[in-house]
Amino acid sequence: MKSYTLYLFRHGLTKGNINAQYIGHTDYPLTTDGISDLKNIKKKHHYPAVDAVFVSPLKRAQQSAEIMFPKNNKIVIDSFIEYNFGEFEELTAEDLKDNEDFKNWLRGDITARPPHGESNAEFVHRICESFEKVIDGCIKTGNQNIAIVAHAGVLMTILSCYGLPEAPMAHWQMDAGYGFKCRITPSLWMRGRKMEVVDTAPQSLEELKENYEL
């Protein structure tokens with residue numbers, strides 16, 4: 001039976017990442033070092049050849065996708081934009097440590113939201129609805145190898161909702177420029193809306209083991 005390969009890659013570093021700020025819709029570009037880091041990853045490990053690349057509308061994701069997949073047209077999915085942090089945008093946890101709204105939001109309740117931002121439930125619904133449309137479309141059109149270049153929050157939500165083995169969001173943390181390789185089998189997808197997480201990417205688990213042994 002035909003299966004589909006999905007790669008999920010986090011964009012490169014921005015000033016907001018370096019400063020440990022909550023950056024959602026603010027359209028920061030990659031830093032000079034962020035661009036260099038992605039190019040170095042590409043030289044060492046190579047990003048895979050894919051049929052289609054889906055990307056967040058923000059600069060940091062689009063710049064990253066262009067470095068990772070220069071030969072592919074990029075399909076912008078507006079709803080793959082990062083979380084709307086509302087009044088927490090561009091602030092750090094240290095800035096917000098005495099903020100009661102922040103403390104309530106950190107508890108992780110699905111209905112919690114930053115002031116003037118989106119709730120956790122709204123974010124999950126937005127990401128899941130768009131992701132299912134992308135995968136259903138790829139199965140329908142026969143695009144067997146696809147990539148999504150987006151934000152940590154977006155990708156960790158996808159993995160926690162659809163990935164096997166099942167694991168919470170925190171389990172799926174990834175460094176800038178890296179991510180995961182997934183296998184989508186149509187029967188499993190149609191029956192249970194699940195996919196297998198089979199490896200890290202672009203560096204594989206086998207490469208990690210070899211490097212460790214060296």
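The legends below walk through several close-up views of one predicted protein model.

Residues are numbered from 1 along each chain as its sequence is written, and side-chain values use heavy atoms, with hydrogens and water left out. Because the model is predicted, local features need pLDDT of at least 70 and side-chain atom pairs count only at pLDDT 80 or more, while totals for chains, interfaces and linings use all residues.

View 1. Helices (H or I, at least four residues) and strands (E, at least two) are DSSP runs, numbered from the N terminus. Along the principal axes, the C-alpha atoms fill a box of roughly 50 × 40 × 35 Å. Buried residues make up 49% of the 214 residues; buried means under 20% relative accessible area, exposed over 50%, and partly exposed in between (1.4 Å probe, protein chains only).

**View 2. An open sheet is built from 7 strands in the order 3-2-4-1-6-7-5, with mixed pairing.** Strand 3 (74–76) and strand 5 (163–164) stand at the edges with a single partner strand each, so one side of each has no neighbour in the sheet. Two strands count as paired if DSSP finds at least two bridges between them. Strands of a sheet pair through backbone hydrogen bonds, either parallel or antiparallel.

**View 3. Strand 6 has strand 1 as an antiparallel partner and pairs in the antiparallel sense with strand 7 too.** Strand 1 (residues 4–10) is joined to strand 6 (residues 179–184) by 6 bridges, and here Tyr7 has Lys181 as its bridge partner. Between strand 6 and strand 7 there are 5 bridges, with Cys182 opposite Val197. Strand 5 and strand 7 pair in the parallel sense over 2 bridges, and Gly163 has Met195 as its bridge partner.

**View 4. Helix 5 (residues 120–141) lies across several strands.** Those strands are strand 1, strand 2 (52–55), strand 4 (145–150), strand 6 and strand 7 (195–201), and the helix runs at about 145° to strand 1. Helix 6 (residues 152–162) also packs on the sheet, touching strands 1, 4, 5, 6 and 7, and its direction makes about 140° with that of strand 1. Axes are lines fitted to C-alpha atoms, for helices over the stretch in contact, and angles run from 0 to 180 degrees between N-to-C directions. The 22 residues of helix 5 should span 32 Å at 1.5 Å a residue, which agrees with the 32 Å between its end C-alpha atoms; the expected span is 1.5 Å times one less than the number of residues. Its buried residues include Phe123, Ile127, Phe131 and Ile135. After the helix comes Gly142, with a positive phi near 85°.

**View 5. The largest nonpolar core has 42 residues.** Such a core is a set of buried Ala, Val, Leu, Ile, Met, Phe, Trp, Tyr and Cys residues joined through side-chain atoms within 4.5 Å. Leu6, Leu8, Phe131, Ile135, Ile148, Leu159 and Met195 touch the most other members. Helix 5 gives the most to this core, with 8 residues. Leaving aside neighbours within four places in sequence, Leu8 is in contact (heavy atoms within 4.5 Å) with residues including Ile148, Leu159, Phe180 and Met195. A second, separate core of 17 residues includes Leu30, Ala61, Ala147 and Ala201.

**View 6. His46 and His116 have positive phi although neither is a glycine.** His46, with phi of about 65°, is found in the loop between helix 2 (32–45) and strand 2 and is exposed at 53% relative accessibility. His116 has a phi of about 65°, lies in the loop between helix 4 and helix 5, and is exposed at 68%.
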